[in-house]
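This explanation goes through some backbone features of the model and then turns to the surroundings of the ligand.

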Amino acid sequence: MTQTFQVDLRGMVDLLARHLYSGPRVYVRELLQNAVDAVTARRELDPDAPARVRITALPGGPQVPGSPVAPGGAGGPDLVGAPGSGGPMLEVTDTGVGLTFAEATELLATIGRSSKRDADLGLGRAEYIGQFGIGMLAAFMVADTIEVVSRSARPGASVVRWTGHDDGTFEIEEVTDPVDDLDPADVPVGSRVRLRARRDAEHWLSVETVTALATEFGELLPIDVAVLQPAGGELLTRRITHEAPWRATHETQSARTQALVRYCEETFGFTPIGHIDLAVPLAGVTGVAFILPSAVAPGSGRHRVYVKRMLLGTRVDSLLPDWAFFVRAVVDADGLSPTASREDLHTDEVLLATQEALAAQLKTWATETLASGSNLARRFIETHHLALRSLALSDDDMLDLAARVLPFETTDGPTTLADLAEHGDVVYTSTREAYQRVAAVARAQGLVVANAGYVYDADLLARLARRPGWSVRELATDDLVQVLRPLVPQRELEVIDAIEAARELLAQEDCDVLVREFAPDDVPAMLLRDREGEHQRALAREKAEADTVWGGVLAAFERPARSRRLVLNDTSQLVRRLLAAPRGEVFAAGVRALYLTALMLAGDGLRGREVSHLNGALGVLLSAGLTAQSGPRGEDVA
Ligand SMILES: Nc1ncnc2c1ncn2[C@@H]1O[C@H](COP(=O)(O)OP(=O)(O)OP(=O)(O)O)[C@@H](O)[C@H]1O
């Protein structure tokens with residue numbers, strides 16, 4: 001025997017509320033959407049038909065005995081009833097296509113049945129917002145009874161009243177004579193949907209909530225939608241819909257820009273530094289991306305997306321690329337499909353093609369605008385250089401653009417990589433510490449080094465190094481050693497003992513010592529990190545761990561090396577005095593103090609042991625100084 005599925009409506013509604021929709025608030029959107037679709041359908045039959053939706057939120061009143069009223073006048077506790085009695089009520093009236101008795105019976109009470117998906121019912125789906133046939137159920141999240149009073153646009157159609165309950169039952173009747181507060185003679189073509197708030201959901205039907213939700217979801221809808229608000233015993237009609245600001249026509253370009261800025265301030269809460277128009281005609285996409293006035297963290301894309309002018313969501317990420325975190329976009333799409341919750345976009349071919357097209361538009365804008373040197377370009381680069389850097393990591397065109405427009409810190413002042421390349425190789429340090437270590441000396445030697453120690457920069461330069469036509473390399477210790485002048489042999493001999501003594505002192509710090517002449521003379525010492533030295537240390541460690549045969553092989557590669565070198569500057573008076581000092585406690589303290597300050601200047605920071613070494617060294621230097629100041633009998637030398 002063939003049977004039919006039974007649906008537990010309360011269970012279904014619970015499922016929707018908890019797992020499909022983000023919350024009961026979407027019930028307003030679903031009602032609005034049905035009303036707008038019905039108006040669209042009627043206008044297809046009669047382009048001059050009125051296109052109006054009115055939403056009335058009526059505050060509750062005392063429960064009137066005998067009311068709500070059941071069809072045919074019999075009292076019943078679960079009917080919507082008349083306004084002014086019981087809990088708050090919501091009424092959505094449209095001038096749409098309406099429903100006949102047969103349509104109401106089939107469409108309103110069959111979950112998953114949608115007139116808008118069904119060509120047999122005479123309607124293609126493209127123009128309609130709804131399609132799944134579950135939207136009506138959303139109203140049961142806030143109401144236990146829904147009443148639809150409708151007159152179809154079909155000639156001679158009578159008035160139908162359908163009342164559905166959350167227990168899964170419904171009543172339907174043709175209303176030919178006046179009944180309750182309903183006179184069929186007064187019912188025009190269209191529908192009136194009424195809900196009475198469930199006791200625990202009354203706040204969802206308050207005038208303020210309904211107005212706010214209807215405005216949020218529906219403000220760009222292409223027809224006249226208004227909320228009727230009670231004021232001084234009357235109902236005021238407040239229109240909530242207006243043309244999308246990027247589609248509205250303006251007399252001048254600057255009037256349009258001002259309107260867009262106002263919209264951005266009201267909607268996103270910031271004044272944009274510029275805007276980028278977006279359009280993908282094939283997917284029916286139009287919109288505008290507003291450029292944020294301050295930098296934001298990557299990944300915080302919060303774009304406002306409408307589908308067929310109904311708000312889909314305010315934090316939709318799937319339309320614009322991740323790197324577009326410097327804009328907040330508002331986009332309306334006719335050709336994109338929402339998921340059933342209607343809170344995100346369904347991933348399909350059209351969405352993928354749209355994503356690509358929008359990304360290309362943002363890139364084209366960047367290429368055309370940022371190289372122009374305009375005020376906007378300058379502000380954009382100042383504010384959003386990180387976004388541009390991250391973009392350059394995944395796209396060669398953007399990499400070329402970044403090289404042309406992004407200023408880098410260099411020892412020759414801020415400049416672009418393209419400018420640097422005009423004068424020879426682009427040499428960079430990949431950490432800020434390395435840059436600090438060498439900047440003063442490199443600058444004095446006329447060696448231009450770029451600081452690629454900021455986020456994305458080292459990767460960006462490494463990527464640029466692989467681009468044809470670019471000669472880019474990381475600074476090697478040897479680059480600097482070459483610009484340090486060796487001492488003349490005579491001087492070399494004079495300081496050889498002092499150097500040997502300094503080496504011994506710093507051996508346990510794994511730091512070699514050498515003396516060179518370099519500018520500027522107010523930098524007494526500089527610390528160089530030696531990749532080769534680090535490699536040698538790793539080799540020595542492996543050798544200690546390896547067996548004897550292999551250890552012997554490794555030994556052949558080994559030469560004593562330290563991983564860091566302290567280069568003393570022989571043009572510095574301080575260093576010359578130190579090298580001439582007798583070996584002893586003060587000499588040792590001087591070497592240590594020079595080493596530790598060079599370490600700090602290199603941006604490495606001192607560890608606990610090093611701090612106490614520095615204090616020890618300063619202590620020695622201080623007491624030596626104080627002793628020298630005191631006379632032979634302990635008197636101060638004036
Ligand atoms: N105000 C209305 N006027 C005319 N017909 C309506 C109205 N509201 C609902 N209907 C009919 O009831 C059907 C079911 O509505 P429901 O909201 O459940 O689904 P839908 O709008 O088709 O799809 P979705 O689940 O995507 O919202 C609609 O397809 C439509 O034919």
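Tyr-456 is buried, as 20 other C-beta atoms lie within 10 Å of its own. A residue counts as buried if 20 or more other C-beta atoms, placed from the backbone, lie within 10 Å of its own. The model is predicted: local features need pLDDT of at least 70, side-chain atom pairs count only at pLDDT 80 or more, and totals for chains, interfaces and linings use all residues. Residues are numbered from 1 along each chain as its sequence is written.

Tyr-456 is not a glycine, although its phi is positive, at about 75°. Its place is the loop between β17 (450-451) and α11 (457-465); helices (H or I, at least four residues) and strands (E, at least two) are DSSP runs, numbered from the N terminus.

Arg-309, a residue other than glycine, likewise has a positive phi, near 70°. The loop between β11 (303-307) and β12 (310-316) holds Arg-309. Arg-309 counts as buried because it has 20 C-beta neighbours inside 10 Å.

A cis peptide bond, with omega about 0°, joins Ala-519 and Pro-520. Pro-520 is part of the loop between β19 (511-516) and β20 (525-529).

Around the ligand there are 24 residues, of which Asn-34, Ser-114, Ser-115, Gly-130 and Gly-135 come nearest. The elements giving two or more residues to this shell are α2 (26-45), α3 (101-108) and β6 (190-197). A residue is near a molecule if its C-beta atom, placed from the backbone, lies within 6 Å of it. The most comes from α2, with 5 residues.

Note on methods: Buried ≥ 20, exposed ≤ 12 C-beta atoms within 10 Å, placed from the backbone.
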